[in-house]
Amino acid sequence: MRAIGIILAGGNSHRMKELVSKRAVPAMPIAGSYRSIDFVLSNMSNSHIQKVGVLTQYNAQSLNEHLSSSKWWDFGRKQGGLFVFTPAVTAENNFWYRGTADAIYQNLSFLKSSHEPYVVVASADCIYKLDFNKVLEYHIDKKADITVVCKDADDIKDIDRFGTIKMDENYRITEFEEKPIVAKASTISCGIYIIRRRALIEMVEKSASEDRYDFVRDILIRFKDIKKIYGYKIKTYWRNIASVDDYFSTNMDFLKPEIRNYFFREYPDIYSKVDDLPPAKYNVGAQVRNSLVASGTIINGTVEDSVIFRDTYIGNNCYIKNSIVLNDVYIGDNTHIENCIVESHDTIRANSYHKGETGIKIVVEESDRYLL
Amino acid sequence: MIKKEMIAMLLAGGQGSRLGVLTAKMAKPAVSFGGKYRIIDFPLSNCINSGIDTVGVLTQYQPLKLNTHIGIGIPWDLDRNIGGVTVLPPYEKSENSEWYTGTANAIYQNLDYMETYNPDYVLILSGDHIYKMDYEVMLDYHKSHNAEVTIAVMPVPIEEAKRFGIMITDEDGRITEFEEKPENPRSNLASMGIYIFNWKTLKEALISKSSQVALDFGKHIIPYCHDKGCPLYAYEFSGYWKDVGTLESYWQANMELIDIVPEFNLYEEYWKIYTKSEILPPQYLSSDSVVEKSIVGEGSEVYGKVYNSVIGCGVVIGKDAVVRDSIVMNGVNIGEGVQCNKAIIAEGAVIGAGAVLGEGEEAPNETAPHIYNSGLVTVGEKTTVPAGVRVGKNTVIYGNTLPEDYPDGKLASGSTLEKAGD
């Protein structure tokens with residue numbers, strides 16, 4: 001594909017509460033075996049983008065571990081490949097990334113040294129499948145300066161955390177509001193953009209010279225009348241996970257057969273780092289109903305309507321319902337967990353009781369673990 | 001200059017004919033094991049876990065699956081600039097082109113490969129055992145005894161000793177005599193087919209015995225070294241080691257993985273077994289599913305009931321199906337209402353709805369009773385079993401079978417149904 005990729009993986013969100021104290025949003029585990037950033041990386045790989053830069057900043061250790069080798073997404077290449085950019089002090093600059101546009105600006109040499117004519121910019125906290133070639137075709141066809149992938153927000157809650165857009169009959173964007181208090185439009189931006197590489201360099205440089213650092217506010221919104229910005233509407237599954245409720249419901253969506261088939265069984269695949277865990281093991285007494293279970297897990301108790309991530313141990317006589325249990329959790333015998341997200345590497349003592357009464361409860365409990 | 005202290009040569013060319021249709025289209029080391037693994041994963045993982053990063057894999061019989069699985073060695077971290085994994089098939093030479101005619105002959109034909117790495121020691125492995133072993137400890141033993149050849153041995157019950165090559169040692173572990181499959185064994189130390197050679201000793205022995213037909217380690221090279229007076233030592237191994245050369249032992253070894261604390265524990269952190277995972281998603285268990293005392297691989301979907309079984313990756317088990325005491329390999333599709341007792345179902349097979357596998361009384365298999373026994377139903381790779389048929393015990397089904405292949409909708413115990421050309 002004649003484009004390079006830029007993934008915005010800055011990654012903090014107060015709406016994620018305790019969940020982001022361990023990792024950035026793009027490293028959030030999704031659907032048992034994946035992390036959020038796998039979806040955009042796989043989309044880029046499957047669209048044959050050869051060169052991808054990931055811009056990270058907040059709490060990036062877990063994310064960097066995940067990206068330590070680029071081969072899982074087939075980016076282990078001599079030409080191109082996967083580049084991770086964290087903020088660095090240089091002779092000209094000693095700031096953190098002050099915004100998405102600043103993140104691009106501080107790594108402008110990556111854009112300048114590339115030769116592909118287009119750039120796909122996408123955030124790393126969205127769950128979807130998309131062939132960027134189709135968007136690029138549309139972009140060229142419309143002679144657009146910028147194309148914004150967008151979606152009707154019929155099935156999306158709290159629309160006020162997104163950018164909302166209004167388009168004319170030719171899909172040219174006429175209004176763009178970032179996180180409006182009262183949304184005037186029902187179409188939201190999916191945080192995926194295609195721009196000509198030279199135009200992006202120009203706009204980012206201009207913004208930086210005016211001390212403007214946000215890609216949406218200072219580039220998209222500011223330039224929308226002088227540049228031709230078009231919307232590309234998708235109707236397929238797309239979710240942003242950057243709030244506790246959305247994170248929970250997106251994971252639970254994978255219990256639906258049509259969503260599972262769409263992501264797990266239909267071409268193309270989503271890739272992730274391979275963990276070399278043994279198959280999941282069900283001992284006598286295990287009862288698992290309507291749940292997803294990842295590898296390395298050992299189950300002795302009852303699990304219902306839940307997503308169990310990798311390498312988890314569930315003790316005898318446990319009851320886990322409508323919950324998400326993240327990686328490497330040990331749950332002692334006779335424990336009751338309902339409407340919860342159990343944080344990774346937790347060790348939950350035997351006979352514990354956790355229930356989200358009014359909403360989703362995040363369980364962070366790091367007791368000592370006695371190895372068996 | 002390239003230099004490796006020890007390199008490994010893994011013999012993976014054997015057919016393993018006693019695994020019946022499981023090896024119809026793939027070499028024995030490529031056969032699935034324990035849900036997501038293949039047999040060769042065990043020696044390959046042992047190599048990398050023991051710090052050996054140069055492995056030559058000798059292939060000959062049906063190598064496609066094996067080659068695809070090994071690739072450039074990424075799953076085992078054996079993708080290296082120098083060394084790593086190299087697949088070594090037989091090749092044509094200016095004179096004397098031949099297949100690999102014996103274990104040692106295969107190694108002899110790859111002297112150049114070994115020479116490249118300038119090794120001090122060469123480890124010879126076979127690709128058909130399930131075990132975890134630290135070859136570095138064996139090498140330390142080899143060095144500390146100033147051995148030229150060290151043979152890994154395993155104590156076996158004396159009544160079974162006549163199936164193995166038996167080593168007789170002095171109190172220091174030095175091999176004084178050995179017997180190949182003796183009638184009246186004088187020791188219970190069985191050779192595991194794992195050898196460490198000093199490179200010079202190995203090279204000299206292979207070259208001097210090169211004209212021997214079907215040159216074999218047990219039959220020719222070890223006796224040759226012994227007769228020459230080389231110090232031969234036995235390294236006693238006491239961990240789990242299982243030969244999975246027969247359908248019965250293959251089934252048994254798989255079933256041992258589902259015990260509460262299995263003797264062979266895949267869940268240990270410090271000696272991981274690596275494999276190529278083609279399927280990543282988690283497994284889904286539906287509201288009416290039951291899975292008890294079983295292991296299940298990635299991406300499988302269970303709508304029926306599974307007891308005491310080993311289920312691979314990407315398997316679909318339909319509603320109301322009951323799978324008991326069975327091995328179901330990657331990508332198998334089991335239809336609704338299927339009853340499946342003590343069956344081995346190879347990769348990609350499709351079992352039609354309502355079929356019953358493994359019913360009735362046992363009867364000896366009509367074509368190969370020494371292979372298909374123990375009451376097992378064996379279904380070959382990519383085989384289709386039509387809906388609603390009833391299949392007896394000690395049976396084997398291979399190929400795209402149709403309802404008319406089953407008189408009265410039945411396949412009696414002891415029958416063989418193989419459709420060639422599919």
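**View 1. Strand pairing across the two chains.** Over three bridges, strand β14 (residues 280-282) of chain A pairs with β16(B) in the antiparallel sense, strands being DSSP runs of E of at least two residues and helices runs of H or I of at least four, both numbered from the N terminus, while two strands pair if DSSP finds at least two bridges between them. Within this pairing, A:Ala280 has B:Val296 as its bridge partner in β16(B). Three bridges also join strand β16 (residues 291-293) of chain A to strand β14 (residues 283-285) of chain B, and these two strands likewise run antiparallel; here the bridge partner of A:Val293 in β14(B) is B:Gln283. Strands of a sheet pair through backbone hydrogen bonds, either parallel or antiparallel.

The model shown in every view is predicted, with local features requiring pLDDT of at least 70 and side-chain atom pairs counted only at pLDDT 80 or more, whereas totals for chains, interfaces and linings use all residues. Residues are numbered from 1 along each chain as its sequence is written, chains are lettered from A and ligands numbered from 1 in the order in which they are written, and side-chain values use heavy atoms, with hydrogens and water left out.

**View 2. The open sheet built from strands of chains A and B.** Eleven strands make up this open sheet of mixed pairing, and their order is β28(A)-β25(A)-β22(A)-β19(A)-β16(A)-β14(B)-β17(B)-β20(B)-β23(B)-β26(B)-β29(B). At the edges stand β28 (361-363) of chain A and β29 (384-385) of chain B, each with a single partner strand, so one side of each is left without a neighbour in the sheet.

**View 3. The interface of chain B and chain A.** In this interface, 43 residues of chain B are in contact with 39 residues of chain A, contact meaning heavy atoms within 4.5 Å. The two chains bury about 3100 Å² between them, 53% of it on carbon and sulfur atoms, where buried area is the accessible area (1.4 Å probe) that two parts lose on being put together, summed over both. On the side of chain B, the residues that lose the most area to chain A are B:Tyr267, B:Leu280 and B:Pro282, together 22% of what that side buries.

View 4. Two salt bridges are found across the interface of chain B and chain A, a salt bridge being a side-chain nitrogen of Lys or Arg within 4 Å of a carboxyl oxygen of Asp or Glu. A:Lys71 forms a salt bridge with B:Asp79, and the closest N and O atoms of this pair are 3.5 Å apart. The elements that give two or more residues to the side of chain B that touches chain A are β14, β15 (290-292) and β16 (294-296) of chain B.

View 5. Chain A is divided into domain 1 (3-264) and domain 2 (281-370), with bounds that come from an automatic or database domain assignment. The centres of these domains, taken over C-alpha atoms, are separated by 33 Å, and the contact takes 23 residues from domain 1 and 24 residues from domain 2. Between them the two domains of chain A bury about 1700 Å², of which 68% is on carbon and sulfur atoms; A:Lys22, A:Phe248 and A:Leu255 supply 32% of the area that domain 1 buries against domain 2, more than any other three residues.

**View 6. A salt bridge between the domains of chain A.** Two salt bridges are found across the interface of domain 1 and domain 2 of chain A. In the pair formed by A:Arg23 and A:Glu343, the closest N and O atoms are 2.5 Å apart. This pair links distant parts of the chain, 320 residues apart, with A:Arg23 in the loop between β1 (3-9) and β2 of chain A and A:Glu343 in the loop between β25 (340-342) and β26 (347-348) of chain A.

**View 7. Two backbone features in loops of chain A.** The peptide bond from A:Tyr267 to A:Pro268 is cis, with omega near -5°, and A:Pro268 has its place in the loop between α9 and β14 of chain A. A:Asp74, in the loop between α2 (61-66) and β5 (81-85) of chain A, has a phi near 65°, a positive value in a residue other than glycine. Most residues other than glycine have a negative phi, and most peptide bonds are trans.
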